[in-house]
Each structure stands twice: as C-alpha cells, then as structure tokens.
Amino acid sequence: MNSRISEIRFSKWGGLLFGRVPFGAAALKGGAFSPSVSGKLSVYSAPSGIILSAEVFELPYVPICGGGRQRYGLRIEKEGGATEWRELPDLLGNCGYAWAMTVIGPYAPEELIGASVSVISDMGQVLASGKIQRVSERNIDFGRKMLYNI
C-alpha cells in the first residue's frame with residue numbers, strides 16, 4: 001500500500017491540529033536523574049477544552065519481552081501547586097520514546113500559561129520538566145522550531 005499525505009484521513013481531533021500553531025508550548029528538558037531526556041508539550045484550544053500533545057525522547061527504560069513499553073506520568077501544575085490537572089493519562093513509552101494526545105476540559109488554554117510540566121517515572125522521579133509559554137506572533141519562530149523542527 002502506497003501511503004501519501006493526501007490519502008491520510010484525520011480523526012475529529014487530529015484534523016483540528018493539522019497545520020495549526022499551538023496556543024502554548026513547553027520545552028521539556030531532563031534533570032539530574034536523566035539529563036538526556038528531551039521533549040515538548042503543545043497546548044491547543046478546542047471546542048470542549050484543551051488538546052494536549054506530548055512527545056518525549058530518550059526516556060530511561062528496561063527492555064522487556066516484546067519491546068521496551070513502559071508508563072510515565074505527566075503532571076501539570078500552577079505555581080505553588082494550587083491547581084493541578086489530575087485527569088491526564090499516562091505517557092506510554094516504547095524503547096525510550098513516548099507520544100500522547102488528550103483532551104482535557106472544560107479549561108481555557110490561557111489557564112495553562114506559566115504552569116510547570118513534569119514527566120515522572122513509575123518510581124516518582126522527575127525525568128524532565130519545563131514551563132508552558134504562550135506561542136504568539138513575537139515568539140512564533142521559537143514555537144515552530146521547538147515543535148516542528150523547522
């Protein structure tokens with residue numbers, strides 16, 4: 001089967017993101033426990049809340065039968081821990097790579113600007129963290145380079 005971009009059919013949510021620049025984004029960087037971990041979290045507005053898209057590279061993993069699939073926690077909280085989004089699903093990793101997209105709501109994307117993002121191991125160690133910044137006309141080049149590697 002020859003797959004071409006023109007033949008891709010998007011789901012209801014996937015089609016919402018195609019070609020869009022996110023409202024906010026966070027560059028995820030590894031800490032002392034896992035300095036090689038890196039990634040990005042993108043925040044998009046949606047009719048019923050917020051779409052979060054996360055992609056993380058170089059996660060530590062233990063090879064297991066059939067592959068290196070593991071679960072990692074994703075936590076977003078405002079300064080001081082006053083607001084924490086608990087309904088976030090786990091990131092399902094495969095051989096050190098994880099990607100996830102979810103819809104949370106009813107929130108506005110503005111509520112996440114300035115929030116801290118953490119990727120956490122099953123042992124509770126922070127593997128990577130970052131801060132969500134607004135992607136605007138002024139920093140749109142930053143957002144595209146960080147999110148789309150162009």
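The largest nonpolar core of this predicted model has 25 residues, and L41, L52, I76, L91, V119 and I132 have the most contacts inside it. A nonpolar core here is a set of buried Ala, Val, Leu, Ile, Met, Phe, Trp, Tyr and Cys residues joined through side-chain atoms within 4.5 Å. Two or more residues of this core come from each of strand 1, strand 2 (38–46), strand 3 (49–57), strand 4 (69–77), strand 7, strand 8 and strand 9. Strand 3 supplies the largest share, 4 residues. In soluble globular proteins, nonpolar side chains tend to be buried together.

**Basis of the values**
- Local features need pLDDT of at least 70 and side-chain atom pairs count only at pLDDT 80 or more, while totals for chains, interfaces and linings use all residues.
- Residues are numbered from 1 along each chain as its sequence is written, and side-chain values use heavy atoms, with hydrogens and water left out.

**Overall make-up**
- The protein has 2 helices and 10 strands, in the order α-β-β-β-β-β-β-β-β-β-β-α from the N terminus.
- Helices (H or I, at least four residues) and strands (E, at least two) are DSSP runs, numbered from the N terminus.
- Of the 150 residues, 38% count as buried (under 20% relative accessible area; exposed is over 50% and partly exposed lies in between, with a 1.4 Å probe and protein chains only).
- Of the contacts (heavy atoms within 4.5 Å) between residues at least 6 apart in sequence, 57% join residues at least 24 apart.

**Around L91**
- Neighbours within four places in sequence aside, L91 is in contact with A54, V56, Q70, R71, Y72, L74, A98, A100 and V119.

- Strands count as paired if DSSP finds at least two bridges between them.
- Strand 9 (residues 126–131) pairs with strand 1 (residues 24–30) in the antiparallel sense over 2 bridges; A128 is the bridge partner of G30.
- Strand 8 (residues 116–120) also pairs with strand 9 in the antiparallel sense, over 5 bridges, and V126 is the bridge partner of I120.
- Strands 8 and 9 form a hairpin with 5 residues between them, and G124 in the turn has a positive phi of about 90°.

**Surface**
- The protein exposes about 9,000 Å², of which carbon and sulfur atoms supply 53% (Shrake-Rupley method, 1.4 Å probe; for residues, only the protein chains shown count as cover).
- F57, Y97, W99 and M101 form a nonpolar surface patch with about 360 Å² of accessible area together.
- Strand 7 (residues 97–104) gives the most to the patch, 3 residues.
- M101 lies in strand 7 and is partly exposed, at a relative accessible area of 31%.

Note on methods:
Patches are made of residues with over 30% relative accessible area and no salt bridge: like charges are joined within 9 Å, nonpolar side chains (Val, Leu, Ile, Met, Phe, Trp, Tyr) within 5 Å. A salt bridge is a side-chain nitrogen of Lys or Arg within 4 Å of a carboxyl oxygen of Asp or Glu.
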